[in-house]
Amino acid sequence: MKQADCIIIGGGIAGIQAAIQLGRYKHGIIVIDSAQGRSSIAKAYHNILGWPDGVSGKQLRALGRQHAEKFGVEFLDDTVTSLEKSRTSFLSKQKMTGNIKQK
Ligand SMILES: Cc1cc2nc3c(=O)[nH]c(=O)nc-3n(C[C@H](O)[C@H](O)[C@H](O)COP(=O)(O)OP(=O)(O)OC[C@H]3O[C@@H](n4cnc5c(N)ncnc54)[C@H](O)[C@@H]3O)c2cc1C
């Protein structure tokens, strides 16, 4: 079974930013994302630092994903269907991929 220090459910702007931060500090991170959020449909963000002419959600997500992957973050294109909590960890279940345990 796959294991991670931290499982991030959702690879939108918030999830990717968290993954970059945690990945930079060498934590083992898996981001599970179904790509159906606001950042997938927004055609242009107009108030993002460094993008005076705007940037699409698609481009921002793709760049963020590349940035996170540089730090060893793993991405799974899938939907989390349940999360089970035990005394010391979490177990994430997805539609398509095998279970993942948070250490
Ligand atoms: C049309 C539009 C225009 C916008 N314009 C701007 C703008 O100009 N400037 C600005 O700052 N903000 C803008 N926003 C708002 C911005 O998109 C959101 O604030 C931002 O996307 C929030 O990021 P998030 O990561 O919280 O959520 P999202 O971007 O919605 O990401 C959440 C992710 O989690 C995934 N997810 C959810 N449940 C599961 C699950 N069970 N398993 C796996 N994955 C899951 C979703 O598929 C999605 O990919 C706009 C939004 C819209 C819709």
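Me: What makes the crossing of α1 and α3 left-handed?

Reply: A crossing is left-handed if the near helix is turned anticlockwise from the far one by less than a right angle, and right-handed if clockwise. The crossing of α1 and α3 falls under the left-handed case. This is a predicted model, where local features need pLDDT of at least 70, side-chain atom pairs count only at pLDDT 80 or more, and totals for chains, interfaces and linings use all residues. Residues are numbered from 1 along each chain as its sequence is written.

Me: Why are α1 and α3 called roughly parallel?

Reply: Angles under 35 degrees count as roughly parallel, over 145 as roughly antiparallel, 65 to 115 as roughly perpendicular and the rest as oblique. α1 and α3 (residues 57-70) pack at about 20°, with axes 9 Å apart. They are therefore roughly parallel to each other. Axes here are lines fitted to C-alpha atoms, for helices over the stretch in contact, and angles run from 0 to 180 degrees between N-to-C directions.

Me: Which residues of α1 and α3 meet?

Reply: Contact requires C-beta atoms, placed from the backbone, to lie within 7 Å. In α1, Ile13, Ile16, Ala19, Ile20 and Gly23 take part; from α3 come Leu60, Arg61, Gly64, Arg65, His67 and Ala68. This contact divides into six nonpolar, three polar and two charged residues. Ala, Val, Leu, Ile, Met, Phe, Trp, Tyr, Cys and Pro count as nonpolar, Asp, Glu, Lys and Arg as charged, and the others, Gly among them, as polar.

Me: How do you know that β2 and β3 pair?

Reply: Two strands pair if DSSP finds at least two bridges between them. β2 and β3 have four, in the parallel sense. One of the bridges links Cys6 to Ile29 in β3. Strands are DSSP runs (E, at least two residues), and helices are runs of H or I with at least four, numbered from the N terminus.

Me: Why do β2 and β4 count as edges?

Reply: The open sheet has the order β2-β3-β4, with parallel pairing. β2 (6-9) and β4 (74-77) each have a single partner strand, so one side of each lacks a neighbour in the sheet.

Me: What joins β5 to β6?

Reply: Five bridges do, and these strands, residues 80-85 and 90-94, run antiparallel. Leu83 has Ser92 as its bridge partner in β6. The two strands form a hairpin with four residues between them.

Me: How many residues surround the ligand?

Reply: There are 23, and the closest are Gly10, Gly12, Ala14, Gly37 and Ser39. A residue counts as near if its C-beta atom, placed from the backbone, lies within 6 Å. The largest share, four residues, comes from α2.

Definitions and conventions:
Two residues are in contact if their C-beta atoms, placed from the backbone, lie within 7 Å.
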